[in-house]
Amino acid sequence: MAWDTTDTLGKGDVVSNESLANLLREERRFAPPAELAAAANVTAEAYEQAKADRLGFWAEQARRLTWETEPTETLDWSNPPFAKWFADGKLNVAYNCVDRHVEAGNGDRVAIHFEGEPGDSRAITYAELKDEVSRAANALTELGVRKGDRVAVYLPMIPEAVVAMLACARIGAAHSVVFGGFSADAIAARIADADAKVVITSDGGYRRGKPSALKPAVDDAVGRFDSVEHVLVVRRTGQDVAWTEGRDQWWHEVTGRQPAEHTPEAFDAEQPLFILYTSGTTGKPKGILHTSGGYLTQAAYTHHAVFDLKPETDVYWCTADIGWVTGHSYITYGPLANGATQVMYEGTPDTPHQGRFWEIVQKYGVTLLYTAPTAIRTFMKWGDDIPAKYDLSSLRVLGSVGEPINPEAWMWYRKNIGGDRCPIVDTWWQTETGAMMIAPLPGVTETKPGSAQVPLPGIAATVVDDEANEVPDGGGGYLVLTEPWPSMLRTIWGDDQRFLDTYWSRFPEKYFAGDGAKKDDDGDIWLLGRVDDVMLVSGHNISTTEVESALVSHPKVAEAAVVGAADETTGQAIVAFVILRGTASEDEGLVAELRNHVGSALGPIAKPKRILPVAELPKTRSGKIMRRLLRDVAENRELGDVTTLTDSSVMDLIQTKLPSAS
Ligand code: 6R9
């Protein structure tokens, strides 16, 4: 069921062809700032170069890394879709992220400006990071961790999270980072699947002004297995912890007695670097496996290209959690491989006040900011006056990731955070892709609010219909990747068959991303949300993203989540959950006004049948709305798995809004 926007709707509907192509009517355009373009790291030539010789292009990017043995082979695709990149090369990922910057004379450069939620701060230079990673690598070795083993990491947003990841990488062990908000069950499932030998955690972390415990969940999870030999505990909050003698060890004690020297061993480019679990909508979480040389090449290149990073002068800040792939590729690996100076913040954006992010930007002179649409919409809801109180003039590039960004949120970000000056890079990618795939280049691309636009140099992506035919410009369907890329997932840990079934069986020889997309008349790509979320109303496919963007473009709506609920007459009916802006009040008149607003933006068929104002929406830690749960509510079903929600009490609140689904 491709989304055919060229089809007429028929059946007496009065919707014109363009009416469902709302996003494609977006006509605002923003040219790259001349100054940035003139000094940009990457110019339009990169697209040409990569087009002429894709593998040669990636071989050249691999030379950004320091290899102990330079690869002579770029891609081995002899057993597709099982790829090997740079297979005969050898390198140490941690050496690339740390030691080589010290050896190049940049040991005094700050790698991490850590800002704790309670206001404590700490600057860690590359030389200090090298010592810490070396000590941690020695500590893991002392605890019996060897090349090829798995280590689970369950930490708050503190520098030790980065140190732990790099220490694993340094000794060739794969880390499996579990979100600090997940339950004991989620930790246990991940420990079991990867057969982790050691778990690294902390007593707790600060969230919303209070210490929040982490170790009890680990104790509960680890107690279910014999396989976990040690639990290393970072002291962050100083709160009381239960202690299992022999198994539990304080991080500061074990690392404190180690020498700060550790010789990094070079591993094969295809050495597993990490496993990261994606929840998916149903079933057991998938352990996405990433390896070393190709992953680091693309993480480093994209960070350099898409943020135009100048390591000597930029201050970069990615607000993601380390437990999300964005934290892996754009806090730990990409920026550190590039020798960047970055900010790391422990807490929530409204602690102790709603200006915290902007205070941090001002304090450190942040130049490159990477955040998610969910955060941007929250800031919109809090009001323009909050960022206006801070000096944000240091900013020069703004990034977005995690969901399609609604055009209104994009415009708000550009104006209120970027001072109408900074290019916005909307970056599409996934845990599975390892690094950015579709995004504007800030010195090249004329940007369009709401679109990720173009595959990066060296990346091949397009939109196909049900029969795998590429759709023409103006058409809609499924996003696919048509050529292998260096940071692609290598498999699902322990389940090659599921890897083949999930990503490579929908369309022959193409990677199926699971996202709906459209191409506009220039051939630029617009992402429309997960295919699972597409609604089928009276035989017509309607994207949740488009209806949500239409709702958010109304001045009284801050956030919207739209689902299709089973309906006797129309197959599915559109149900919208909306969060109103500050002073707007909920009444019959407003609901009618919103329905009409969507109707005039998208056509009558897209008018939600029901609109329910709510206080909060259910979200994952990476800010994605869990529409599956809202569908359960709208269809009066018992709620499915809520273990990956940030705050499961949100669902209780929402359910009280819906006494019965009519
Ligand atoms: C990096 C990350 C992947 C899914 C992806 C898509 C959505 C991410 C997006 C975007 C539109 C963007 N997504 N970035 N949709 N525009 N710029 O988010 O990884 O957590 O695995 O999620 O997120 O639906 O398929 P992950």
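Which residue forms a salt bridge with Arg490? The partner is Glu270, with the closest N and O atoms 3.0 Å apart; a salt bridge here is a side-chain nitrogen of Lys or Arg within 4 Å of a carboxyl oxygen of Asp or Glu. The model is predicted, so local features need pLDDT of at least 70 and side-chain atom pairs count only at pLDDT 80 or more, while totals for chains, interfaces and linings use all residues. Residues are numbered from 1 along each chain as its sequence is written, and side-chain values use heavy atoms, with hydrogens and water left out.

**Domains and their interface**

- The domain assignment, from an automatic or database source, gives domain 1 (34-517) and domain 2 (538-657).
- The C-alpha centres of domain 1 and domain 2 lie 30 Å apart.
- Domain 1 puts 21 residues into the contact and domain 2 puts in 21 residues, contact meaning heavy atoms within 4.5 Å.
- Between them, domain 1 and domain 2 bury about 1,900 Å², of which 54% is on carbon and sulfur atoms; buried area is the accessible area (1.4 Å probe) that two parts lose on being put together, summed over both.
- Arg377, Lys381 and Asn406 supply 26% of the area that domain 1 buries against domain 2, more than any other three residues.

**Polar links and composition of the interface**

- One salt bridge is counted between domain 1 and domain 2.
- Glu559 and Arg377 form a salt bridge, their closest N and O atoms being 2.9 Å apart.
- Four residue pairs are in polar contact between domain 1 and domain 2, both residues being at pLDDT 80 or more; a polar contact is a pair of N or O atoms within 3.5 Å, where within protein one must be able to donate a hydrogen and the other to accept it, and residues adjacent in sequence count only if both atoms are side-chain atoms.
- Helices α13 (373-382) and α15 (407-417) each supply at least two residues of the side of domain 1 that touches domain 2; helices (H or I, at least four residues) and strands (E, at least two) are DSSP runs, numbered from the N terminus.
- The most residues on that side of domain 1 come from α13, which gives five.

**Salt bridges across the structure**

- The whole structure holds 44 salt bridges.
- Glu115 and Arg356 meet in a salt bridge at 3.1 Å, N to O; Glu115 is in strand β4 (residues 110-115) and Arg356 in helix α12 (residues 356-364), 241 residues apart.
- Both Glu115 and Arg356 are buried, meaning under 20% relative accessible area, with exposed being over 50% and partly exposed in between (1.4 Å probe, protein chains only).
- A network of salt bridges links Glu115, Arg356, Glu359 and Lys363.
- Lys197 pairs with Asp149 in a salt bridge, with the closest N and O atoms 3.0 Å apart, and both residues are buried.

**Asp533**

- Asp533 lies in the loop between β25 (525-530) and β26 (535-537).
- Asp533 counts as buried because its relative accessibility is 9%.
- The side chains of Asp533 and Arg627 make a polar contact at 3.3 Å.
- Leaving out residues up to four places away in sequence, Asp533 touches Thr544, Arg627 and Arg631.
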